[in-house]
Amino acid sequence: KAKSLIYIYCSGGMTHLDTFEPKKGNKQVMGDTKIINGKAEGMRFGSHLTGIAEVSDKISVINSMSSTNGAHAQARYQMLTGYNQLATIVHPLIGPFAEKYFGKRNDLLPDSVVVNRGTSNSGYLDPALSPLPVANPDAGIANSMIQTSEDRFQKRMEMSLAIGQPNVDKYQHYSSPKGYIEFYDQASQLLQSEELNVFDISGETNRQDYGMDKLGQGCLLARRLVENGVRVVEVHCGGWDMHNDIQGSMSDRLPSFDKAVSTLIKDLDSRGLLETTMVVVGTDFGRTYRINDRAGRDHQPAVFSTMLAGGGITGGRTYGSSDEDGRRVGSDKVSVEDFHATIGYGLGIDLNYKIFSPSGRPFVFGNHGKPVTALYS
C-alpha cells in the first residue's frame with residue numbers, strides 16, 4: 001500500500017481531448033491539436049505532454065471519469081472530498097480523513113499539507129486535523145519567523161492557552177475548542193523545531209528541472225515533504241478554464257504542467273519513493289468536444305480524464321474511454337466516488353470504516369464508491 005499521496009489538482013477543468021485522450025483521425029474534434037505516442041504501447045497524448053509521454057510506462061490514465069457537477073465550485077469540492085457539496089456540513093479533504101483513520105504519523109510535522117492555498121480546514125473533523133496551508137512554496141510557511149524573544153513568545157502562548165482553556169472545560173463534550181488548542185500547540189512546536197527546514201526548498205539542486213513556477217516548485221516541495229514522512233500533500237494549480245483560444249491557452253499552460261508532473265515522477269522513482277508514493281492528477285471536469293465560436297472549449301462533466309502513478313498503480317495502462325467524439329463515457333464508467341475509493345484502496349483505508357460527524361452522521365472514505373482495482377499490480 002502507498003505510504004503517501006501527492007494529489008495535483010488542476011482547477012478550472014482540464015481538457016481531456018487535448019491531453020490524455022486525443023481522438024486520432026477526428027479533425028473536427030481535435031482542431032489543431034497534434035497527437036504523440038507514449039513510451040508505453042497504445043498510449044497517446046496531446047503533443048504538449050512530451051514529458052508525461054516519456055514516463056507513460058509508469059502511469060495509468062482513467063479516460064472514463066464522469067460527474068454530474070458542471071459548475072466549478074461544486075465539481076472541485078466533490079473531486080477534493082468525494083462528496084457533493086451541501087449547505088449543512090463541510091466534508092474533510094483526503095488528508096484529515098486519512099489522519100483520523102491511521103492516527104498521527106509525525107510528532108512535529110503535519111500529516112497533511114495543502115500547497116498554493118492560503119487557508120485550509122478539516123471539515124467536520126477536529127480542527128487539529130486541518131492540513132497546513134503553504135500559500136507559496138518558494139516562501140515556505142507564512143509567518144514562521146518568531147518576531148520576539150523565545151521567553152516572551154512562550155509567555156504569549158501560555159496566555160493564549162489560558163484564555164482558551166475555560167472554553168475547553170465548559171464545552172468538553174465538543175471536540176472543536178480542544179482541537180483548536182491542539183492545532184495552535186502543534187504549530188508553535190513546529191515553529192521552534194528544526195523540522196521547519198523541511199519546508200525550505202532553496203537548497204534543492206534540481207529546482208530548474210521542475211520549473212520555477214508555483215506548480216513546479218509546489219511539486220518539488222511535495223516530494224520533499226513525503227520524503228520526510230508527510231502522508232498527504234495537495235498541490236493546486238489554476239488556469240484550466242479555457243473558454244477562449246484553447247490552442248493559445250494550452251501552449252501557455254501545458255508545458256509547465258508537463259514539466260512539473262513528469263519531473264516529479266522521475267524524481268520519486270530515482271529516489272526509490274515512487275513505489276510508496278501515489279501521485280494523482282485531478283480536475284473539475286472535462287471540456288466539450290465542440291470548439292466554440294471563441295476558439296475555446298466549454299464545461300463538460302459527462303466525461304473527462306484523471307491520471308495516477310506510483311503506490312502500486314500499474315504503469316502503461318489506460319482504463320475506460322469516452323465515445324468517438326469524447327463527449328460521453330464509451331466504456332467502464334468511473335464516478336468521482338469510485339475515483340476516491342481507488343485512492344483510498346491504494347492508501348490502505350478500509351472503505352467500510354465509518355467516521356461520524358459531530359451530529360452523529362456516518363461517513364466513509366469515497367462515499368461508497370467502488371475502487372478500480374484493475375489499475376493495481
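Predicted model: local features only at pLDDT ≥ 70, side-chain atom pairs only at ≥ 80, totals over all residues.
Two strands pair if DSSP finds at least two bridges between them. E4 and E15 pair in the parallel sense, with two bridges between the strands. One of the residues involved is Met65, whose bridge partner in E15 is Val334.

Strand E11, which covers residues 304-309, runs antiparallel to E4 and is joined to E4 by five bridges. Strand E12, residues 317-319, runs parallel to E4 and is joined by three bridges. Ile62 takes part on both sides. Ile62 stands opposite Thr306 in E11. Ile62 also stands opposite Tyr319 in E12. The strand itself spans residues 59-66, and eight of its eight residues are buried, so E4 is largely enclosed by the rest of the structure.

Strand E8, residues 277-283, is also mostly covered, with seven of its seven residues buried. In a regular strand, side chains alternate between the two faces of the sheet. Both faces of E8 are covered. On one side lie Thr277, Val279, Val281 and Thr283, all buried. E8 pairs with strand E1 (residues 4-10) in the parallel sense, over seven bridges. Within this pairing, Tyr9 has Gly282 of E8 as its bridge partner. E8 also pairs with E11, here in the antiparallel sense and over three bridges. Val281 stands opposite Met307 of E11.

Attention now turns to the nonpolar cores. In soluble globular proteins, nonpolar side chains tend to be buried together. The largest nonpolar core in this model holds 54 residues. The members that touch the most other members are Ile8, Phe20, Ile59, Phe199 and Phe257. Helix H9 supplies the largest share of this core, nine residues. A second, separate core has 41 residues, including Tyr9, Met65, Val280 and Tyr376.

Residues up to four places away in sequence are set aside here. Phe20 then touches Met14, Arg44, Phe45, Leu49, Ile52, Val61, Asn63, Phe257, Ser305 and Met307.

His16 is placed in the loop between E1 and helix H1 (27-30). His16 has a relative accessibility of 1%, so His16 counts as buried. The cut-off for buried is under 20%. Leaving aside neighbours within four places in sequence, His16 is in contact with Glu21, Pro22, Gly286, Arg287, Gln300, Val303, Phe304, Ser305 and Gly326.

Helix H9 spans residues 246-270, and Asp269 is found in this helix. Asp269 counts as partly exposed because its relative accessibility is 37%. Beyond residues up to four places away in sequence, Asp269 touches Lys58 and Leu274. Lys58 is 211 residues from Asp269 along the chain, yet their C-alpha atoms are separated by 9.2 Å.

Most residues other than glycine have a negative phi. Ala295 has a phi near 65 degrees, a positive value in a residue other than glycine. Ala295 lies in the loop between strand E9 (286-287) and strand E10 (299-300). With 37% relative accessibility, Ala295 counts as partly exposed. Asp332 also has a positive phi, near 55 degrees. The place of Asp332 is in the loop between strand E14 (329-331) and strand E15 (334-335). Asp332 is partly exposed because its relative accessible area is 43%.

The structure holds one cavity of 30 Å³ or more. The largest cavity has a volume of about 50 Å³. Its lining is made up of Thr81, Tyr83, His91, Pro92, Leu93, Ile94, Phe97, Tyr124, His340, Phe365 and Gly366. Of these lining residues, seven are nonpolar, four are polar and none is charged.

How values were computed. Residues numbered from 1 in each chain as written. Heavy atoms only, no water. Helix = DSSP H or I, 4+ residues; strand = E, 2+ residues; numbered from the N terminus. Buried < 20%, exposed > 50% of the residue type's maximum accessible area, 1.4 Å probe, protein only. Contact = heavy atoms within 4.5 Å. Core = buried A, V, L, I, M, F, W, Y, C linked by side-chain atoms within 4.5 Å. 1 Å grid on protein atoms, 1.4 Å probe; cavity = no way out; pocket = protein on both sides within 12 Å on 5 of 7 lines; lining within 4 Å. Points joined across faces, edges and corners; volume = space filled by probe spheres on them. Nonpolar A, V, L, I, M, F, W, Y, C, P; charged D, E, K, R; others polar.
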